Amino acid sequence: MMKKEIQVTQSEESNQLAVLQTLPKQYLQALRPKSVDDVFASSEPSLGMLVKEWGENRARAVVVLLLEEVVSFFNASNTMEDTQVAFTTDMIIEEYPYFKVDDMKLALRNGMKGKYGEIYNRLDGSVIMGWLRQYNRERCARADILSYNDHKQLNEAESNGLYYEDYRRMLQEKAANGDQEAQKALNRSNDTLAFMKRKSLEKQRKMLEKYEQKEALRNKVQQEGT
């Protein structure tokens, strides 16, 4: 990645983090992502980045503000108490650290619109986590499509004598010179790479769990045999 492009990206993220920290409620109210593509194209900070930069307490405060908007929207008799909001916040940060702030805004707004089903006068942590699971499936499906499209572009680039790093370097140069479309393509590429890394880590985790289960079963059989 070019030094100039890194500086531009870091400057944007620093500015967003500063505004979010100073005026969190206003900042979150101003977010208006309409699709997963809008999220992929943005440079909003992730929940994991908020934890890293601010610490867990301030990161939790951002998620709490987003959840409070949902609670105030519904006139449900069975709604979330403060302790439930706090517990749900912890689960969200633990389960979805890669979600950007606008991921959360889009997912929760979709839930408020009824996209993920009726709440039937009940709003609690399980409802919120259900919304996020459905949103995450949509997000992953869209990332797969973008990954396929990026793969096609990469093949076309390679057919013209370019390799993947050359292709990304070209996008970085264009983005650094103010090309908005190149910046969006670069953001998609970054998200796709991160998505593929998470899938690889998840696959490795499942393989490790299976190995540990087999080892535990083998040890159990050996112990019973003795």
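Phe-99 is buried, at 0% relative accessibility (buried means under 20% relative accessible area, exposed over 50%, partly exposed in between, with a 1.4 Å probe and protein chains only). Its ring pairs edge-to-face with that of Tyr-98, at 5.4 Å centre to centre and 90° between the planes. The model is predicted, so local features need pLDDT of at least 70 and side-chain atom pairs count only at pLDDT 80 or more, while totals for chains, interfaces and linings use all residues. Residues are numbered from 1 along each chain as its sequence is written, and side-chain values use heavy atoms, with hydrogens and water left out.

**Aromatic pairs**

- Across the whole structure, six aromatic pairs are found (rings of Phe, Tyr and Trp, the last by its six-membered ring, pair if their centres lie within 6.5 Å; planes under 30 degrees apart count as stacked, over 60 as edge-to-face and the rest as tilted).
- Phe-74 and Trp-131 form a tilted pair, with 6.1 Å between centres and 45° between the planes.
- This pair links distant parts of the chain, 57 residues apart: Phe-74 is in the loop between α5 (56-73) and α6 (82-95), and Trp-131 is in helix α8 (residues 125-159). Helices here are DSSP runs (H or I, at least four residues), numbered from the N terminus.
- Phe-74 counts as buried at 19% relative accessibility, and Trp-131 is buried with a relative accessible area of 2%.
- In the pair of Tyr-98 and Phe-99, Tyr-98 is partly exposed at 23% relative accessibility, whereas Phe-99 is buried.
- Tyr-98 and Phe-99 also belong to a cluster linked by ring pairs, together with Tyr-96 and Tyr-135.

**Salt bridges**

- The count of salt bridges is seven (a side-chain nitrogen of Lys or Arg within 4 Å of a carboxyl oxygen of Asp or Glu).
- Arg-142 bridges to Asp-37, with the closest N and O atoms 2.7 Å apart.
- Because Arg-142 lies in helix α8 and Asp-37 in helix α3 (residues 36-41), this bridge ties together parts that are 105 residues apart in sequence.
- Both partners are partly exposed: Arg-142 has a relative accessible area of 26%, and Asp-37 one of 30%.
- Arg-109 forms a salt bridge with Glu-69, where the closest N and O atoms are 3.3 Å apart.
- Arg-109 belongs to helix α7 (residues 101-112) and Glu-69 to helix α5, so the bridge joins parts 40 residues apart in sequence.
- Arg-109 is partly exposed with a relative accessible area of 27%, and Glu-69 is partly exposed at 23% relative accessibility.
- Asp-124 and Arg-122 meet through their side chains in a salt bridge of 2.6 Å, N to O.
- Asp-124 is buried with a relative accessible area of 18%, whereas Arg-122 is partly exposed at 37% relative accessibility.
- A network of salt bridges links Glu-56, Arg-60 and Asp-90.

**Packing of α4 and α5**

- The axes of helix α4 (residues 47-54) and α5 come within 7 Å and cross at roughly 140° (axes are lines fitted to C-alpha atoms, for helices over the stretch in contact, and angles run from 0 to 180 degrees between N-to-C directions).
- That angle makes α4 oblique to α5 (under 35 degrees is roughly parallel, over 145 roughly antiparallel, 65 to 115 roughly perpendicular and the rest oblique).
- Leu-47, Leu-50, Val-51 and Trp-54 in α4 meet Glu-56, Arg-58, Ala-59, Val-62 and Val-63 in α5 (contact means heavy atoms within 4.5 Å).
- By class, this contact has seven nonpolar, no polar and two charged residues (Ala, Val, Leu, Ile, Met, Phe, Trp, Tyr, Cys and Pro count as nonpolar, Asp, Glu, Lys and Arg as charged, and the others, Gly among them, as polar).

Key. Helices (H or I, at least four residues) and strands (E, at least two) are DSSP runs, numbered from the N terminus.
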